[in-house]
Amino acid sequence: MNTNTEYRTAERTDLPDAGKIKEYIEKFCGENNNRPDIPEIRVFEETGSTNDLAKEFYKEDNGKELIIIAGSQTKGKGRRGRKFYSPDKTGLYISFLLHPELDHTKSILLTCMMAVAACRAIEQVTKVCAGIKWVNDIFCNEKKVAGILAEGSASFEDGKFSYIVIGTGINLFMPDAGFPDEIRDTAGSVLNTDFNNDTRNELYAALIYRFFELYRNIKDLSFKDEYKKRSVLIGNYVKINNYSAANENNCAKVIDIDDECRLIVRYDNGKTEALSSGEVSVVKY
């Protein structure tokens, strides 16, 4: 491995605990009578980015699946080059290194699958309702509490993934100093209670279990119905940040999410469009 990679292995006692996470996973397997194959879990005290660390491990063994967890991130990543605020003790920072039998054009399905798994896990452990803002944000109590970032490499010959890394960050507890000014109005946490490391371990386990419950049956796309039902956008007007020439007005009403997890919007002139990527924000219109 590149010796310049920024990470420290777990030493502190208040960090996520791989042993406890595995115990919770075993409990969930028994409760649901389902035992999906779970990769090795590696926990680190701190890293620059769990996604970047997972990609470093891919270079060592390009056939192995792996789960990377960090107590904090110094260079947490969001979509479009943004930073993901990743303070110590209050959040979950996890990346999955995978080798899916999936065409790279279908990568949005993995992001949507992770979103459904995250909502199921949050509700299972905390009893807090969770919804999805297309394509990769999780909302609780009208605030963004989690984001998902998928990165990968695909073969030019057959379009299949060489690997894909799916990173998820969840704000479980409110940071002591609150959120930075630039996200204070939009970011929230799942819970407002004091830090409890066992809750964090249980939520890590639930997220891992729920994701692999879906991923190991990747050809069964029934999760798409749940993704649509959990949408916080359908019926609302949105501003489309990278809209096409379908309408000179970049505001549209969200009318559906289709079988390919594309956002279906309708402009005031009656034209509809299926968005497969990009960003939208809810507006009063």
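Are F211 and F212 buried or exposed? In this predicted model, F211 is buried, and F212 is buried as well. The two residues also form a ring pair: the centres of their rings lie 5.3 Å apart and the planes stand at 80°, so the arrangement is edge-to-face, given that planes over 60 degrees apart fall into that class. In total, 10 aromatic pairs are counted in the model. Ring pairs join F211 and F212 with F96 and Y215 in a cluster.

Helix α1 comprises residues 18-32, a run of 15 residues. The distance from its first C-alpha to its last is 21 Å, close to the 21 Å expected at 1.5 Å a residue. Within α1, the residues I21, Y24, I25, F28 and C29 are buried. These residues cover an arc of only 145° around the axis, which means that they lie on the same side of α1. An α-helix has 3.6 residues a turn, so residues three or four places apart point the same way. On the other side of α1, by contrast, E23 and G30 are exposed.

The two ends of α1 were also examined. At the start of the helix, a side-chain oxygen of D17 comes to within 2.8 Å of the backbone nitrogen of G19. After α1 comes N33, for which phi is positive, near 50°.

Notes
Residues are numbered from 1 along each chain as its sequence is written. This is a predicted model: local features need pLDDT of at least 70, side-chain atom pairs count only at pLDDT 80 or more; totals for chains, interfaces and linings use all residues. Side-chain values use heavy atoms; hydrogens and water are left out. Helices (H or I, at least four residues) and strands (E, at least two) are DSSP runs, numbered from the N terminus. The expected span of a helix is 1.5 Å times one less than its number of residues. Buried means under 20% relative accessible area, exposed over 50%, partly exposed in between (1.4 Å probe, protein chains only). The arc is that of the directions from the helix axis to the C-beta atoms. A polar contact is a pair of N or O atoms within 3.5 Å; within protein, one must be able to donate a hydrogen and the other to accept it, and residues adjacent in sequence count only if both atoms are side-chain atoms. Rings of Phe, Tyr and Trp (its six-membered ring) pair if their centres lie within 6.5 Å; planes under 30 degrees apart count as stacked, over 60 as edge-to-face and the rest as tilted.
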